[in-house]
Amino acid sequence: MSKSQAYQKCINPNCGAEFECTEAFFKCPKCGDLLDINYNWDKINPPKKMSDFAKRWSTRNNRLDFSGVWRFRELLNFCDDNFKVSLGEGQTLLQQNDMLAEFIGMKKGRLHLQYEGLNPSGSFKDNGMTAAFSHAKMINAKSCACASTGNTSAAVALYAAHCGMKCTVFIGSGRIAFGKLSQAMDYGAKTIQILGDFDDCMKQVQAVCTELGLYLLNSLNPFRLEGQKTIMYRIIEGLNWNVPDWIVVPGGNLGNSSAFGKAFAELKQLGLINKIPRLAIINASGADTLTELVNKRGLKWNGGKVDEKIYTDFYAELAAKNFSPHTCASAIEISRPVNLKKCLRAIDVCNGVVRAVPDSAITDAKALIGKFGLGCEPASAATIAGLEVLLAEKIIAPDQTVACVLTGHCLKDANVTVNYHKDKAGRFSNPPVECANDLKQIIKLMNQN
Ligand code: F0G
């Protein structure tokens, strides 16, 4: 076993190959499976209790203590401080939302919204990018790339610009919200629109990175997921260092769910928490691979010995049908999630459940989060739509503590929002009213209900 503080390890128990963190792979070079970052905790000396991290609030003028990722740095200790990149990510809020709780039938004080839209590029991706770009700097990478449904490209473009790295992003033509596309262009990334969907882009970018030796920033990159663990640390922090009963997260490429499961497994191993919350992963019905595989075809982690035939058969069926996923939540419009196996592990660790919700439920939930909370983009609202399903099924009880991860900012996809309200498309549509440029008529309109 590696003697370093941190090392890379293949998650496949039949392989288990190990590599130092000074190398960059996006797949195990021995067997092609996913890689994890593992730690020799005895060399790291993590705090004895989670609340010890609170001492860093008083030293916020240190850039690493200011970062909502790096103030937990002992829990993702894979590189020296001088390589660590930060744009002030992770200054995000856990909002207790009693109005929304009451509206969906939960007890006061039990529903919390973790608004990751407050990050510098407007989504949770910055948590992962600060970690992966630190690794990129550590190994002196000069040029990077990613495939994206939008937020990854925005975050990669921003951090690459900050690090002075060349950056290319691959997006499915017509499948990206304008807010996100505008960011990639504005931050100076070379933006390549592939005539295909996210899964096509994901395949191409891996080939491009292999051929041209570029640094890959999709969540196949294990360092990215280390940064995304900190979303869970901040939820615990927001609950005054308590663990919730449930975490609810949208599922796309399944990086977040994978990272959250790893975070809790490590915290439990270190004795920093005494219980592991349950995890609910919510797909959009138009991109429900995980729901299909787990709930209908019985796919399981099985100690790492995943029955690969179950998902390869399913993917072959998709290919035979020429299937391409479709949902208004374009961020999670993915049918071949690259972190599937790690997500199965997270479901195992967290006694997780998976559900799919239709677009109409997503846009209604989004309007409720806007009306009662901080707003979010469509994919993020799948959490509340999923929570409503799980409350109705009595899997989640109204008095349990629930934290929903609102992954992206409400301005990311203004088109979906405007169309929902303007076209009176849902239960909570709030259309604008046109009026003549005339005071009398304006007053008349104002006096109506
Ligand atoms: N929510 C938002 C707003 C996202 O942008 C994404 C993924 C997800 C949820 C799903 O997260 O992949 O960890 O399961 N967006 C990626 C992208 C795929 O390219 O921006 P996941």
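Biologist: How many cavities of 30 Å³ or more does a search of the whole structure find?

Modeller: Three. A cavity is a set of points on a 1 Å grid over the protein atoms alone where a 1.4 Å probe fits but cannot get out. The model is predicted, so local features need pLDDT of at least 70 and side-chain atom pairs 80 or more, while totals for chains, interfaces and linings use all residues. Numbering runs from 1 along each chain as its sequence is written, and side-chain values use heavy atoms, without hydrogens and water.

Biologist: What volume has the largest cavity?

Modeller: About 310 Å³. A volume is the space filled by probe spheres set on grid points, joined across faces, edges and corners.

Biologist: What makes a residue part of its lining?

Modeller: An atom within 4 Å of a point. For the largest cavity 28 residues pass, and Phe124, Lys125, Gly252, Asn253 and Ala331 are the closest to its centre.

Biologist: Which class leads there, nonpolar, polar or charged?

Modeller: The lining has nine nonpolar, 16 polar and three charged residues. Ala, Val, Leu, Ile, Met, Phe, Trp, Tyr, Cys and Pro count as nonpolar, Asp, Glu, Lys and Arg as charged, and the others, Gly among them, as polar.

Notes: 1 Å grid on protein atoms, 1.4 Å probe; cavity = no way out; pocket = protein on both sides within 12 Å on 5 of 7 lines; lining within 4 Å.
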